[in-house]
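Here are my notes for anyone opening this one for the first time. Have a look at the model, then go through the points in order.

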Amino acid sequence: VQGEKFADYETVKRDLIQLKKIVSYIDKINILGGEPFLNKQLGRYIDITREIYPFSNIGVATNGLMLMKMETDVIESFRRNKARILVSSYPPILSRINNIAAYVKSLGIEISFSEPIYEFAYTFDNKGGHMGGARRINCSCPNLYEGRLAVCPPIAYMKYYNEYFHQNMDEQDGKIDIYDDNLTYDKLLDELHKVRKSCDKCLFLSEEDSIYMDWRQSKQNDMRDYVWME
C-alpha cells in the first residue's frame, strides 16, 4: 500500500449496518490489517463492531509488537467489548511471548498466540491451472472492505498489488456488492463459494499446491514475495 492508509470509520460503520441487514448473526469477526494497532482509532472500530454484532466473538489480529504500548482508550475498548487479541507468532516476538501474555492478561484482556511461524505460503503462482477440477471452493475468510464482501483477502486487496507492481490480475470477480437490493443471505452464501478467476493461480486451493518460503524481513517489496515464479 502506497503511504499510510486506514479504513474510513464511517464507511466501516455503514458497511457493518448494511451487512447486518443480510446476515443477522456472525459467529466470529476479526479486525485485520496491515497492523490494526497502528490505527490510533482502533477502539472505535471495536466499539462499532460490538454495537452492530452484539453476540459475535470479536478478535483483533496483530503481530504483537505494539501490545506493550497500548493506549488507555484501546485497552478500555477491549475490556468493555470482551474482544480478544490474536497474535501471529513471528520470530521477532517469540522471545517475548511470556511477557506479552502476562501484561495483556493483567489488563483483563484475553489473548491467544498462534503456533510459531517460520515460513510463509506463496499466494499465487505465475502459471495457473489450479481450478481446473474445482466445482466449488470452501475458503473461510471473507473480507468486508469498502462496500464489498470479498471471498478472500487476496481478492479484497488485489488493487494494491496491481497498483504497486503494475499488474492486471482480476480484482472484481469475487467482490460481492452488499448494497445490491437483490442480495439475500442464501444468494450471499452461494456467491461466497463460487470459483473465481483468480482461483486459477491460487496456491491456497489445496495443500498439495502449497509452496512455502522461509520467514524473513523484506528489505523492499518484490513481486516474488507474493507469486511463485517458475
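1. Start with the aromatic cluster: Tyr161, Tyr164, Phe165 and Tyr226 are joined into a cluster by ring pairs. Keep in mind that this is a predicted model. In total, the structure holds 10 aromatic pairs.

2. One of the pairs is tyrosine 9 with tyrosine 45. Their ring centres sit 5.5 Å apart and the planes make an angle of 85°, so this pair is edge-to-face. The two come from distant parts of the chain, with tyrosine 9 in helix α1 and tyrosine 45 in helix α2, 36 residues apart. Are they buried or exposed? Tyrosine 9 counts as buried, at 14% relative accessibility, and tyrosine 45 is buried as well, with a relative accessible area of 9%.

3. Another pair to look up is tyrosine 145 with tyrosine 157, which is edge-to-face, at 5.0 Å centre to centre and 65° between the planes. This pair also links distant parts of the chain: tyrosine 145 lies in strand β7, and tyrosine 157 in the loop between α5 (153-156) and α6 (158-165), 12 residues apart. Tyrosine 145 counts as buried at 17% relative accessibility, whereas tyrosine 157, at 25%, counts as partly exposed.

4. Now back to the two helices. How do α1 and α2 cross? The axes of α1 (residues 9-22) and α2 (residues 42-52) come within 10 Å and cross at roughly 15°. That makes α1 roughly parallel to α2, and the crossing is right-handed. On the α1 side, the contact is made by Tyr9, Glu10, Val12, Lys13, Leu16, Ile17 and Lys20; on the α2 side, by Arg44, Tyr45, Ile48, Thr49 and Ile52. By type, the contact residues divide into seven nonpolar, one polar and four charged.

5. Please check the backbone at glycine 33 and glycine 34. The peptide bond from glycine 33 to glycine 34 is cis, with omega near 0°. Glycine 34 is found in the loop between β1 (28-31) and α2.

6. Glutamate 146 has a phi of about 55° and is placed in the loop between β7 (143-145) and β8 (148-150). Glutamate 146 is partly exposed, at 39% relative accessible area.

Note on methods: Residues numbered from 1 in each chain as written. Predicted model: local features only at pLDDT ≥ 70, side-chain atom pairs only at ≥ 80, totals over all residues. Heavy atoms only, no water. Axes fitted to C-alpha atoms, helices over the stretch in contact; angles between N-to-C directions. Helix = DSSP H or I, 4+ residues; strand = E, 2+ residues; numbered from the N terminus. Parallel < 35°, antiparallel > 145°, perpendicular 65-115°, else oblique. Left-handed = near helix turned anticlockwise from the far one by under 90°. Contact = heavy atoms within 4.5 Å. Nonpolar A, V, L, I, M, F, W, Y, C, P; charged D, E, K, R; others polar. Buried < 20%, exposed > 50% of the residue type's maximum accessible area, 1.4 Å probe, protein only. Phe/Tyr/Trp six-rings, centres within 6.5 Å; stacked < 30°, edge-to-face > 60°.
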